[in-house]
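Take a walk through the fold below.

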Amino acid sequence: MKLKKQVTVCGAAIFCVAVFSLYLMLDRVQHDPTPPRQRASQISVLQNRIEQLEQLLEENHEIISHIKDSVLELTAHAEGPPALPHHKPNGSWVLPPESRPSFLSVSPQDCQFALGGKGQSPDLQMLAVYSLLPFDNQDGGVWKQGFDITYEPSEWDAEPLQVFVVPHSHNDPGWIKTFDKYYYDQTQHILNSMVLKMQEDPRRRFIWSEISFFSKWWDNISAQKRAAVRRLVGNGQLEMVTGGWVMPDEANSHYFAMIDQLIEGHQWLEKNIGVTPRSGWAVDPFGHSSTMPYLLKRSNLTGMLIQRVHYAIKKHFAATQNLEFMWRQTWDPDTSTDIFCHMMPFYSYDVPHTCGPDPKICCQFDFKRLPGGRINCPWKVPPRAITDANVAERAQLLLDQYRKKSKLYRSKVLLVPLGDDFRYDKPQEWDAQFLNYQRIFDFLNSQPNLHVQAQFGTLSDYFDALYKKVGIVPGMKLPGFPVLSGDFFSYADREDHYWTGYYTSRPFYKSLDRVLEAHLRGAEILYSLALAHARRAGADGRYPLSDYALLSNARRNLGLFQHHDAITGTAKEAVAVDYGVRLLHSLTNLKRVIINAAHYLVLGDKDTYHHDPAAPFLGTVSSALPRGSPCPSMARPAFLVVFNPLEQERLSVVPVLVDSPHVRVLSEEGQPLPSQLSARWSSATDTVSACCLQVSVLARLPALGLRVLQLHKSVDGHAMLKSSVRLYLHGRDLPVRKQEAVPVHVFPAAADDFCLENQHLHACFSGRSGLLIRRAGEEREQRVSCEFLVYGTRTSKDKSGAYLFLPDGEAKPYTPKDPPVVRVTEGPLFSEVTSYYQHVQTVVRLYNVPGVEGLSLDLSCLVDIRDHINKELALRLSTDIESDDTFFTDLNGFQIQPRRYQRKLPLQANFYPMPAMAYIQDAQSRLTLHTAQALGVSSLGSGQLEVILDRRLMQDDNRGLGQGLKDNKRTCNRFRLLLERRTTVQDGRPISFPSLLSHITSMHLNAEALVMPVAQEKPALPALRSFMPLSTTLPCDFHILNLRMLQAEDDSLPSAEAALILHRKGFDCSLEAKNLGFNCTTSQGKLALGSLFQGLELGSLQPTSLTLMYPLGTASNSTSIHLDPMEIATFRIRLG
């Protein structure tokens, strides 16, 4: 009663404050003392009044936020037992209303960002460029995909041509061979020769990018060799470019992992060589994302290079001298995200395609191909060693190519890469390239009439010379270069060969990647918090600090998998297995780290903490329940610890295995929690043995926290709410194995139309039109029908493979040989429909719970196409949303890129990567498909979204792999379908954002709660307490991307400092936001970090560049920070 009074008083206070504030505003506006004769100044006075009004609204918003926090605190500390669901007469379940109020308080200023409109538009918008180009693929002569280039010899008389030849060796950390095999066979020899050969002549230069290889080599070389490397880096002969653990794929990789591998590489470089990379080098990823320039810019790099871009775009940019540009983010209102980008103009990064437009000539200057070697020139004219007798003629021939290439760019500085895959692995090759080129350079530089200066250079030597020419400091905006926004997907290297197959290739590994990523983030955060609390209590001597080595190893394995032949699914089968073993090994280790941290944090008395690796306090971490999971015995009370890796509190349905239907689940205070009992099924008609049941518990989980739950044997069976099952056999004669505990009704025929519903959604299933979704309270039914389709591949010589998608026309309907067995489970917390087809098993689940879980439809597809030959399985959603030719896909889970279906391009050109979500919309509705794994997506017709689930291909597609895709595994693809109503519409702009609900739905899907049973063999359990690390609710547009302990001098141990990486998400307010069921306020990007972590002090706070290489400003005493929308910011902090 007392609580109700307090809530009423607070509610009244909110109302009074709002009314009084508005009264004050009106009072100020009405009592305007300006006399009528001063009409001229009235406008400016009015302006001031409006500003005051805005200010007051803002203050009002803040006051309400503070009161909201107080109300939440009051209700949080006085939660009564949650009311249990009950049955309505019509058979459906009703959940009682939430006992706690939910708030949505989004400041009007925070809605302005998504409306855009500030700043000038870029010179080159990639969506517009696509609409403009004919994509006619005309024969361009020697430069087959381009055009003839001509020049006047006198063009360089006033300003000579400055040529930088950049020797490089592209080392794939796994492709045809495994990472280790490449290292032992080739990479170590390349780096050993590099140290030797670079010291022979100070004019020599070399660049290196993959730190995964470099660090392995470093661990195996002498102190003397290390010193030589540091000298080469120090004097500018050797440059570390990009400096990531790998050169990541930019299509399927998630921004958490992209940043993590960049930090891992940069931290290694800083610690071991003391160097900070300045320029980005990405010659091999199959298409380029605009997320990468943002991350490089935030890491303080000043220039970058890309290569694999659609040949038609390269030709267009070459013809208009737009191959170099300032790359800007679509949302950027000024120039803060600009980074200078150089696009290579020709087909490949190998020597025949880098000196100029004619590969037949350029190949003659790849001196590894001198007669007598193992490789030659396919154009049948071999290179010739440079002698005094031929140097003039050879140099003139090469200069002609340099001049032609230079005509494609705006400056008189020219970049000429010199290298290829795993080049420079023998001393003879170093001599052949460096000695012959040096003779050419010496000749060219000795002829003033040629007006050229040629030399070896690094990538930064080139960028520095370019900046010097225009008299600008590197990193500043270069005048005279266009501004570009957008991305470079999808990629085609010739004809209609679009590299859109790899967006889905090997989906099992793509899924495993994201599971590992979620566990790594969770383990990093829990380890950092446990260590900080242990240090504060002086207990760090008893805490397993050695877990840091497991974290470090997992970072490196996840980083390795971001490589552009790993997550892409484009490596040999044995190499894919090697990656998979590394990922699984790290997943096991991370579960150990999470268990150890959770053990310490939930102990009521930390002095009782004892780490025993042989007998862990907590059992296996699981999110979903794997098939063979053991069922705990209910002989005595059992305890569970549930970890919520999200920075927002969540109300979740937590799955638990039990061996008896007579179970009650209680909170740690002993209050019963709503639970649903279900059978576990091993097949369409077989339940798992009777002693294994699943209980789904509705529990409120604290942000980034651990919740303790109790399981007790119950005498009466009433407390547990059972689900009921209807099994439709569709005319098939199948034996059914039931379970006594859960009622199962078998129907031999097919199912009639039926519906599942909760307070927000109605999902109806009909034999004719599949699935229909309608939002509750709305008359208009939004038809969303799902169907499976199959793509074949061409009969001509070019067929689909690991990289390419070359379909034989439009998809055909999937026709299984038997109709599906359909199982309908209905219960108080969730209902679901499971359909068993021959190659795919689908589960559509509707949560009947308040909040985020109940606002979208859960969809999973377990796919097994191992008996298919040259087929690809797709899922198509068809709706009556009038999306026309526009759809939206995310880039790396970081930003949204609008797409347009181009009728002038072949079907396969219209597929794009979907790491996290895709949506379609019209003036009334938006339908978002959220995904837990990267897959290829398109919208081939108005109102459609189509995703490729798996591909099985029997042949190589001639891109060097030499294999098809035949190692398919049973793979579960997980999705969420979110239907939202739009209120205000601003379409047709090259920018779009998800709603806050959409962002949080995506996080729920990708960061599931992790369940850990307390080991049962403990004789007497110590007191356990839930752990709530945050003292305040984080603004709902803030995401803690990571809290990552930094390494000590001994790199297997943590230092006292951690990296806190925050992302403020951009969101669209125009989607209806009632009934969100989560407590959400925004704060114009302000956050008080000093008081964020409960029971811990923030010892220091230093803003830094993204990868911690550069401090930004001085470390101040203030612990309040500010982030702009979309900004990712890193802070070096000390917690304790």
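**A buried charge and its partner**

Glu-264 counts as buried, at 4% relative accessibility. Buried means under 20% relative accessible area, exposed means over 50%, and partly exposed lies in between (1.4 Å probe, protein chains only). The model is predicted: local features need pLDDT of at least 70, side-chain atom pairs count only at pLDDT 80 or more, and totals for chains, interfaces and linings use all residues. Residues are numbered from 1 along each chain as its sequence is written, and side-chain values use heavy atoms, with hydrogens and water left out.

What does Glu-264 meet in a salt bridge? The partner is Arg-1044, at 2.7 Å from N to O. A salt bridge here is a side-chain nitrogen of Lys or Arg within 4 Å of a carboxyl oxygen of Asp or Glu. The pair links distant parts of the chain. Glu-264 sits in helix α8 (residues 255-272), Arg-1044 sits in strand β43 (residues 1038-1047), and 780 residues separate them. Arg-1044 is buried too, with a relative accessible area of 2%. Side chains of opposite charge can pair when their charged atoms come close.

Across the whole structure, a search finds 52 salt bridges.

**Two more pairs**

Now turn to Asp-461 and Arg-205. Their side chains meet in a salt bridge, at 3.4 Å from N to O. This pair also links distant parts of the chain, with its residues 256 positions apart. Asp-461 belongs to helix α14 (residues 459-470). Arg-205 lies in the loop between α5 (179-198) and β6 (206-208). Asp-461 is partly exposed, with a relative accessible area of 24%. Arg-205 is buried, at 17%.

Glu-200 pairs with Lys-197 in another salt bridge. Their closest N and O atoms are 3.2 Å apart. Lys-197 is buried, at 8%.

**Backbone details in the loops**

Next, look at the backbone. The peptide bond from Phe-489 to Ser-490 is cis, with omega near -5°. Ser-490 lies in the loop between β14 (483-485) and α15 (507-536).

Asn-300 is not a glycine, yet it has a positive phi of about 80°. Find Asn-300 in the loop between α9 (291-298) and β9 (303-306). Its relative accessibility is 34%, so Asn-300 counts as partly exposed.

His-451 is not a glycine either, and has a positive phi of about 55°. This residue lies in the loop between α13 (427-445) and β13 (452-456). His-451 is partly exposed, with a relative accessible area of 23%.

**The whole chain**

How many helices and strands does it have? There are 18 helices and 49 strands. Helices (H or I, at least four residues) and strands (E, at least two) are DSSP runs, numbered from the N terminus.

Of the 1136 residues of the chain, 61% count as buried. The accessible surface comes to about 42700 Å² (Shrake-Rupley method, 1.4 Å probe). Carbon and sulfur atoms account for 53% of that surface.

Contacts come last. A contact means heavy atoms within 4.5 Å. Among the contacts in the chain with a separation of 6 or more, 76% come from residues 24 or more positions apart.
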